[in-house]
Amino acid sequence: ISDTVPEAPQDPLFSVTSAFYDDPSDKKIDLSIGAYRDGKGKVWVLPVVKKAAALVALDPEYTHEYLPITGLVEFTDAARKVCLGAESGAIKERRVTSLQTVSGTGALHLGALFLSKFYRPNGIDKPPTIYVSSPTWSNHPQILGLAHLPIATYRYFDAANRSLDFAGMLADIASAPPKSVILLHACAHNPTGIDPSPAQWKQLASVMAERHHFAFFDSAYQGFASGSLDRDAAAIRLFASYGFEMCIAQSFAKNCGIYGQRVGCFHFITSPALDADVQDTLTRVGSQLALLQRACISNPPVYGARVVSLILNTPELFDEWAEDLRVMSGRILHMRQQLRIRLEQLGTPGSWQHITDQIGMFSFTGLTEEQCLLMQRAHIYMPLNGRISMAGLNLENLEYFVRAMDRVVRE
Ligand code: PMP
């Protein structure tokens, strides 16, 4: 078989990162990677994660045995409360089934497989089309495609104004066939850093209710955007309060800084409006999800789930986590403000308000592909769509970055 296998295209993000590593310059800055860095540009292990890891290491009950196929129950129960809220009607009415997954990617994959196999809206006997924002996280189409879900897009980014094309988004979602699957970024949209406002989320929810669409939330940055876990879950909780049948892919990679441990969860919520026995529905759905999980990974990884579970289930650790989240989101916010101020002070041509309007880890600078390549010549590495990871900036490299950006924009 090997003689017929074509070489796969390189992931554009990884090629930028490897160019960064190959660059011997001491001025180099990596703004491509979606991982938090502290004010010195160093990887930051959250203090609360260090503490929880130490406790897990001391726990005589901790072993490396397989977890159940659906994962660590105390973790999945707590993860569900983090995203839906402890007072969630869906949780109280026991309308949620949850499985621990290989981080957010695994949760997206599991959800995509499930929809591909079982969702047959409008009597059409083939996997349903899934609508994703234009643009979206570059791995979405690959994950969804692997599950044979046809992909369509809804308008999202208004390039001219560097803002949300809400009218376009709403119109495209409204005109999708009834019962379509709509993938929504719960907060801190990647790559644009632009989210709908609370009022716009309400409009989206009512249009989706009218059209009987199915919401698939991708929650990869809860707590990272505003610093508040509750505020960042507002869209998910709003949709859940409408009684939608929906699902959520939840990642703890960024908000716990536990990227490589692959800690995530998939939640499926049934609707109270469905005229069915809820527990029977959950048993049927949960059993099929477990079967898919078994075929994909057999059992989810145990270590990271233990660490995160300890944080979520220990009130003092939970509070410390919330504080660590404020540190991360606060530093990013500060860098946004400083970046905008410096560009405005230099009189760099253009408007820079979008940098502080956007939220979360990323900023869509508006730099063109050509300008991004010029930035690379100045040892600044970013993907060619102009997205920068705000976490890669700090007070030590900001001035160098701003000067380069100013030069490139004027060229
Ligand atoms: N969704 C989005 C929008 C993301 O940006 C990411 C991480 N880059 C993920 C999901 C999944 O990440 P992970 O698999 O590391 O949890």
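Which of the 13 residues around the ligand come nearest?

## Ligand shell

In this predicted model, Ser103, Gly104, Thr105, Ala220 and Ser251 come nearest among the 13 residues around the ligand, where a residue counts as near if its C-beta atom, placed from the backbone, lies within 6 Å. Helix H5 (residues 103-118) supplies the largest share of this shell, three residues; helices (H or I, at least four residues) and strands (E, at least two) are DSSP runs numbered from the N terminus. By class, the shell holds eight polar, four nonpolar and one charged residues.

## Strand S2 and its partner

Strand S2 (residues 96-102) is mostly covered, with six of its seven residues buried, that is, with 20 or more other C-beta atoms within 10 Å of their own, C-beta atoms being placed from the backbone. S2 pairs in the antiparallel sense with strand S10 (residues 263-269) over seven bridges, pairing being assigned if DSSP finds at least two bridges. Phenylalanine 268 in S10 is the bridge partner of threonine 97.

## Domains and their contact

The protein is divided into domain 1 (11-46 + 328-410) and domain 2 (66-313), with bounds from an automatic or database domain assignment. The centres of the two domains, taken over C-alpha atoms, are separated by 29 Å. Each domain gives 20 residues to the contact, for which C-beta atoms, placed from the backbone, must lie within 7 Å. On the side of domain 1 that touches domain 2, helix H13 (315-346) and strand S11 (362-364) are the elements that give two or more residues. By class, that side has eleven nonpolar, eight polar and one charged residues.

## Basis of the model

Residues are numbered from 1 along each chain as its sequence is written. Local features need pLDDT of at least 70 and side-chain atom pairs count only at pLDDT 80 or more, whereas totals for chains, interfaces and linings use all residues.

How values were computed. Contact = placed C-beta atoms within 7 Å. Nonpolar A, V, L, I, M, F, W, Y, C, P; charged D, E, K, R; others polar. Buried ≥ 20, exposed ≤ 12 C-beta atoms within 10 Å, placed from the backbone.
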